[in-house]
Amino acid sequence: MKTICLYFEIHQNIQLKRYRFFDIGTDHYYYDDYENERMMTEIAEKSYMPALNTLLEMIHSSDKYFKVAFSVSGVAMEQMEIHAPQVLEKLQELNETGCVEFLAEPYSHGLASLANEESFAQEVKRQCQKMHEYFGQHPKVLRNSSLIYSDDIGLQVANMGFEGMLTEGAKHVLGWKSPHYLYHCALAPQLKLLLRDVGMSDDISLRFNNRDWPGYPLFADHYIDRIANLPEREQVVNIFMNLSAIGIAQPLNSNILEFFKALPACAKEKQITFSTPSEICANIKTVDALDVPDTLSWYDEERDVSTWLGNPMQREAFNKLYSVADRVRIANDPRINQDWDYLQASNNFRFMTTKSTAVGFDRGIYSSAFDAFTNYMNILGDFINRVNTLYPEDIDNEELNSLLTTIKNQGEEIVIKEKEILRLQNKIEKIEKESGKLRAKLEDKEKPTNDKPAATKVEEK
């Protein structure tokens, strides 16, 4: 029996403000709050809320036959907490149906998996804690930023305890193989790999409203027929996309919501089910290892990481940022940590790309790749200065780690001693209370009585 795994990514980029060279050392706030609020409010209204309401309706109208998965970056959740709490409430409502799975991903939606294993693991852990805090779920499947994957990343993810991972069904990796099977990591066979069907996914997310596309208009019954007509042994169809594809990339007036609403009934008619990633990992066996020695992603025709690291500017910014990764992680300063999350976001590096792309690309406030590079490097210069001011550059990472470990241990000892002091103070108060009661009792016994003794003899007259 065939099954559809439908997954949506939810991430909101943090917009940097114009930051001049002369701002370094004087201005430590790097963000365009107005633009961040405007963008979050707009995408919530035009995309997230209509899409999530539709998905909820699909679950209820299909009597829970329909299922869906999401991954939400920690940075996006922070933005929604401030500017669009209704989106989080709707996600919680979807979660209560029991038909939704939330996946793990890096907190910042950054590129730490390409640079620093410890930072990557810590980010994933923080995002998982956020998923548990909001939805009560402990993610079993991981989705890396932009589906970035390689054998080495897969091994690390397996060692982190995940059962499965999502990645791209890229032609140069699959060769003659089909993405409609479950594979496993070449270096860690216990990690199962769900491969995105590029064509079926992009037909919705990129081409749905394209009148020049030969497949236009796309109807739900024809779409499901294509899945039903796949070879019998090809059981899994993974359709992965950004949630913003609904309402932003493909406008609501394109009837995209009606297309989605029709999918469950059409699929049920063809005996095609819907499954979450963890259900697929639990119920379907892998057919083969997937060898991915070089890193792949779901971006551009090359399906690699060149959209972020394809030119010298991008690589210089990337290397400079992650040169302080260990110090940031070891120092664990709240304000530094927040800036670290926002500066890691992959879009900061994509703005610097010099590649031509078939997909519409907006550089935001930047006029060119060099403009984006200059602005980012000014901000990064100030950020690194703050890190080095907090913990001087002449202290190496080992010495810093040892110093902070000592401080942490001393802090823990102080906490233990404070607890012991509090315990002894309570004990003293209790003893003094009991002593006061005993003293009062003794004083009552020793107190002379006011009653006169009765006469024992009657005087004779």
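Reply: In strand β8, Val236 is the bridge partner of Thr3. This is a predicted model, in which local features need pLDDT of at least 70 and side-chain atom pairs count only at pLDDT 80 or more, while totals for chains, interfaces and linings use all residues. Residues are numbered from 1 along each chain, and side-chain values use heavy atoms, without hydrogens and water.

Strand β1, residues 3-10, pairs with β8 in the parallel sense over seven bridges (strands are DSSP E runs of at least two residues, helices H or I runs of at least four; a pair needs at least two bridges). Strand β8 spans residues 236-242 and is largely enclosed by the rest of the structure, because six of its seven residues are buried (under 20% relative accessible area, 1.4 Å probe, protein chains only).

Val387, in helix α16 (residues 369-390), also counts as buried, at 3% relative accessibility. Leaving aside neighbours within four places in sequence, Val387 is in contact (heavy atoms within 4.5 Å) with Arg327, Val328 and Ile336. Its C-alpha atom is 12 Å from that of Tyr322, 65 residues away along the chain.

In another part of the chain, Gly74, Met77 and Glu81 of helix α2 meet Gln127, Lys130, Met131, Tyr134 and Phe135 of helix α4. Helix α2 covers residues 74-83 and helix α4 residues 117-135.

As for confidence, pLDDT (scale 0 to 100) averages 91 over the protein chain, and 92% of the residues score at least 70. Residues 454-461 fall below 50, and this stretch has zero contacts in the model beyond near neighbours in sequence.

How values were computed: Buried means under 20% relative accessible area, exposed over 50%, partly exposed in between (1.4 Å probe, protein chains only). Axes are lines fitted to C-alpha atoms, for helices over the stretch in contact, and angles run from 0 to 180 degrees between N-to-C directions. pLDDT is the predictor's confidence in each residue, from 0 to 100.
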